[in-house]
Amino acid sequence: MMGSTHPTRRRVAAMTCAVALALPLTACDALTPGSAAVVPGPRSVPSSTAVPDEDITLRLEFADAPLMVDALIAAFEKDHPTISVQPHYKTFPDYVQNLKLTMTSDTAPDIAQYAVGMNDLAADGQILDLAPYREAYGWDDAIPPVSLDQLTAGRRSEATGGRALFGVPAGLSMTGIYYNKKLAERAGIGSAPRTLAEFEDQLAAAKEAGLTPLGVGALDSGGIHLWAALLNQTMPTDDYWDWVNGAKGATIETPAGITAGELVVEWGRRGYYNESANGTAQIDSTARFTQGDSVFLINGNWAAGQLAAVMGDNVGFFPMPGVQASSPTVASGFSVSYAVSSRTEHPEAAGVFLDFLTSPEAGQIISDHGFLPPNPEAVAKPEGVLADIAKGHRRAVADDGITTFPDFAAPAMLDRLRSGVQKLIADRVKPADYLDSLQDQWEEHHAR
């Protein structure tokens, strides 16, 4: 394989072991109460959109944007007084790590945030196919196709004959670069870069001005966003999608992957990152950015509300630029989306909540918290950094350049990504070896 420094037969051995382990794991699952074996195959919600008359409580488990979720729930309950929603927040790593156990238990929540691993749960019938609601509620008119396409799990709907749907977005996302306008001016930086080379020149200018060029919170996901943002500019999106979706023969061990890793290493050698980037959480890197600790910050639009509240007009945003000025705008993004458990006793009430997320009222709440509403035409025109993000997102959508996050390539990929990028930042691993570790994880999962 291109860029690999290890023998191919090691991969074959890993694949053989994965297949050998599959039968015992399946047998154990069959003996576990509330396991995947209890609910075989995809199941669909009813087509009814009637609001239930009785008092109902829905349990919601999630990992992103707790302030936004609280605001959405308050507005929903005001409009639907017979339906209560009880939120349960988990940190993202804990949420992903325990997702299968959570959704296959007898105490599964009614609604859960869509995350890596949901595709497998959809195939096992652990979450409901929402395609009947997609037609009944008219979600195709309220939600961009690109956002729904990310939630089909690659399956057809037995209920409608069209594409399946296993989640509904409550805010779209994308990653990119924030910049402190006053610090940028001090470093002689007058405008957003048009190319990746121009951005590197700006990082160098910030360093020469005695400033920290780039804030990175690599303790959790900030480093992954940095590497993925660079990979988006070097790797063809079709090849990337093949890898994330598990297409036969796909690989991340490419010259483009090597280049992205080399940039992460080189920027670290040049001192472009904040001190102790590997020991800084993404939320802390954001807080320090508001205090003027760096000229630029790698993060997603979910931080925009906080940054706008603290920094006002002093903060701007741009997507990571491409190799050429004419390159398409490509950025990692997904949606804060929600799926419905097959174990819920209240699928109609869950459908009412999901449909509320597509309303203008919910859209404004979503926009106010820094996310992009599924229907941007239904909310007030954003201003400041929120307008910058909306503009960048429109460009990426127009260029078909919204790619999902790399941890979606396999349920256990998150830890490999996080620790691997930390080693790249610290110059403790070669890019080829980092990619090899990712491909090993990919093949272990997809060989099953």
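"Across" rests on contact, meaning heavy atoms within 4.5 Å. The angle is taken between N-to-C directions on a scale from 0 to 180 degrees, with axes as lines fitted to C-alpha atoms, for helices over the stretch in contact. Helices (H or I, at least four residues) and strands (E, at least two) are DSSP runs, numbered from the N terminus.

Before you click on: this is a predicted model, where local features need pLDDT of at least 70 and side-chain atom pairs count only at pLDDT 80 or more, while totals for chains, interfaces and linings use all residues. Residues are numbered from 1 along each chain as its sequence is written, and side-chain values use heavy atoms, leaving out hydrogens and water.

Now show S7 (residues 175-180) with S10: the two pair in the antiparallel sense over four bridges. Pick Tyr178 and you will find its bridge partner in S10, Phe317.

Stay here and display the aromatic side chains. Tyr179, Phe199, Trp267, Phe296 and Phe318 form one aromatic cluster. Rings of Phe, Tyr and Trp (its six-membered ring) pair if their centres lie within 6.5 Å; planes under 30 degrees apart count as stacked, over 60 as edge-to-face and the rest as tilted. By this rule there are 16 aromatic pairs. Take Phe199 and Phe296: their ring centres are 5.1 Å apart and their planes at 80°, so this pair is edge-to-face.

Last stop: select helix H13 (residues 255-269) and helix H20 (residues 431-446), which pack at about 125° with axes 9 Å apart. That makes H13 oblique to H20; angles under 35 degrees count as roughly parallel, over 145 as roughly antiparallel, 65 to 115 as roughly perpendicular and the rest as oblique. To see where they meet, show Gly257, Ile258, Gly261, Glu262 and Val265 in H13 against Pro431, Ala432 and Leu435 in H20.

Note on methods:
Pairing = 2+ DSSP bridges.
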